Amino acid sequence: MNIKVLGSGCNKCKALERVTRKALAELDLTADLDKVEDYSTILSYGVMSTPALVVNDEVVLSGRVPTVAQVRDILASHAA
């Protein structure tokens, strides 16, 4: 599984990364987790509002920080 957290490095972006790492640990999943701060790369995903979460090159969430449970559900559905 390949996961990207898209954002400028603001507090919300850092929170999304933290929540995502916690969800991965709770699910005992191994994934490549990258933090993307380059604006042209972020725009290439069609994201207009950060933070955003990309799983296997699919934008699954943008513009907010979800709960750990919400990220866990997203990751579990993409792990199958």
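Tutor: Asp57 counts as exposed, with a relative accessibility of 56%. The scale calls a residue buried under 20% relative accessible area, exposed over 50%, and partly exposed in between (1.4 Å probe, protein chains only). The model is predicted, and local features need pLDDT of at least 70, side-chain atom pairs count only at pLDDT 80 or more, and totals for chains, interfaces and linings use all residues. Residues are numbered from 1 along each chain as its sequence is written, and side-chain values use heavy atoms, with hydrogens and water left out.

Student: Which residue does Lys4 form a salt bridge with?

Tutor: A salt bridge is a side-chain nitrogen of Lys or Arg within 4 Å of a carboxyl oxygen of Asp or Glu. Here Lys4 pairs with Asp57, and their closest N and O atoms are 3.8 Å apart. Lys4 lies in strand 1 and Asp57 in the loop between strand 3 and strand 4 (58–62), so the bridge ties together parts that are 53 residues apart in sequence. Helices (H or I, at least four residues) and strands (E, at least two) are DSSP runs, numbered from the N terminus.

Student: Is Lys4 buried or exposed?

Tutor: Lys4 is buried, at 14% relative accessibility. Its strand covers residues 2–6. Leaving aside residues up to four places away in sequence, Lys4 is in contact (heavy atoms within 4.5 Å) with Asp34, Val36, Tyr45, Ala52, Leu53, Val54 and Asp57.

Student: How many salt bridges does the count come to?

Tutor: The count is four. Among them is the pair Arg21 and Glu17, with closest N and O atoms 3.0 Å apart; these residues are four apart in helix 1, separated by about one helical turn. Another joins Lys35 to Glu37 at 3.8 Å, where Lys35 is partly exposed at 26% and Glu37 is partly exposed at 44%.

Student: Which residues touch the most other members of the largest nonpolar core?

Tutor: In soluble globular proteins, nonpolar side chains tend to be buried together. A nonpolar core is a set of buried Ala, Val, Leu, Ile, Met, Phe, Trp, Tyr and Cys residues joined through side-chain atoms within 4.5 Å. The largest one has 14 residues, of which Ile3, Leu53, Val55, Val71 and Leu75 touch the most other members. Strand 1, helix 1 (11–27), strand 3 (52–55) and helix 3 (68–79) each supply at least two of its residues. A second, separate core has six residues, including Val36, Ile42, Ala52 and Val54.

Student: What does His78 touch, not counting residues up to four places away in sequence?

Tutor: His78, in helix 3, touches Met1, Val55, Asn56, Glu58 and Val60. His78 is partly exposed, at 24%.
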